[in-house]
Amino acid sequence: MKIVPLSRSQASRTPTMKTFLSDGVRIAYLDEGPRDGDPIVLVHGFGSNVRVNWVGPGWVSTLTAAGFRVIALDNRAHGASEGPHDPAVYGAGTHMAEDVRRLMDHLGIARADVMGYSMGAWITAHLALAHPERLRSAIFGGLAMAMVTGLAGQETLAQALEAETDAEVTSPKGRAYRAFAQQTGSDLLALAACMRGSRQPVPVEGLARLRLPVLIAVGTKDDVAGSVDDFAALIPGAEVLDIPDRDHMVAVGDRVYKQGVLDFLSRRP
């Protein structure tokens, strides 16, 4: 896992983050682009933040240039948002998806396209099931059938984040997650609480009831996402975008991914 540093020109264009209260937790967000543009909400992955997931890889500039109003939040325990240490306040459907819904309420946005990557896709799926009337479309990036079947090794990763020293972490994947969290300046204990509390499976019966445009975009070398075809078969009319030769960590900034999303958004009602 690695972070691609922002260039000096990118850093100078990093949007200003604002904050609001979501059920008592202060959440940071950006709001960029034309106010009369179609709104799209971006939800980042675990251990990441708006800057790493969406600004640095060029998503904010790509979407605003295409005329969209871009709203992106630092999930609770990430970036500039607050991070309680209680796993009970990190339910993907009961808390983190509601942070997105409350942000839309805060900004007066009745409906929006919503794109999540990795954990953000998980959150987006729960949001779509709980509040389908609030979404014009849903884009699931970097995660597919794993949202239904679950991800193995979560306890090991949480323990790696909770370790008092780096030397205590023996799992290679745990070391990688810990290093990534340290690079982003994250509160490790808050991230561990998020890891333990946010992985509720997405129910198959709910996916079958979705009646909105859905795009599933996953790298062809992604070994985290789970089966794309099996997941797409659960959602009526879902489209699949293969991101060639990209794994879970680098697919998010790929040109094929960006163009595929723009094409998808141009087709949806």
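A residue is called buried when its relative accessible area is under 20%, and because T184 has a relative accessible area of 13%, T184 counts as buried in this predicted model. T184 is found in the loop between α8 (172–183) and α9 (188–197), and its side chain reaches the backbone oxygen of G47 at a distance of 3.2 Å.

Most residues other than glycine have a negative phi. D23, however, has a positive phi of about 50° although it is not a glycine, and D23 is placed in the loop between β1 (18–22) and β2 (25–32). For D245, phi is near 60°, which is again a positive value in a residue other than glycine, and D245 belongs to the loop between β8 (239–243) and α12 (255–267). With regard to accessibility, D23 is exposed, with a relative accessible area of 56%, and D245 is exposed as well, with a value of 57%.

Charged pairs were examined next. Side chains of opposite charge can pair when their charged atoms come close, and the count for this model comes to 14 salt bridges. One of them joins R76 to D99, with the closest N and O atoms 2.7 Å apart. R76 lies in the loop between β4 (69–73) and α4 (92–107), whereas D99 lies in helix α4, so the pair ties together parts that are 23 residues apart in sequence. R76 is buried, with a relative accessible area of 2%, and D99 is also buried, with a relative accessible area of 2%.

A further salt bridge is formed by E162 and R196, whose closest N and O atoms are 2.7 Å apart. Because E162 lies in helix α7 (residues 154–162) and R196 lies in helix α9, this pair ties together parts that are 34 residues apart in sequence. E162 is partly exposed, with a relative accessible area of 34%, and R196 counts as partly exposed at 36% relative accessibility.

In the salt bridge between D31 and R35, the closest N and O atoms are 3.6 Å apart. The two partners fall into separate classes of accessibility, since D31 counts as buried at 7% relative accessibility, while R35 is partly exposed, with a relative accessible area of 49%.

Terms used
Residues numbered from 1 in each chain as written. Predicted model: local features only at pLDDT ≥ 70, side-chain atom pairs only at ≥ 80, totals over all residues. Heavy atoms only, no water. Helix = DSSP H or I, 4+ residues; strand = E, 2+ residues; numbered from the N terminus. Buried < 20%, exposed > 50% of the residue type's maximum accessible area, 1.4 Å probe, protein only. Polar contact = N/O pair within 3.5 Å; in protein donor to acceptor, adjacent residues only side chain to side chain. Salt bridge = Lys/Arg side-chain N within 4 Å of Asp/Glu carboxyl O.
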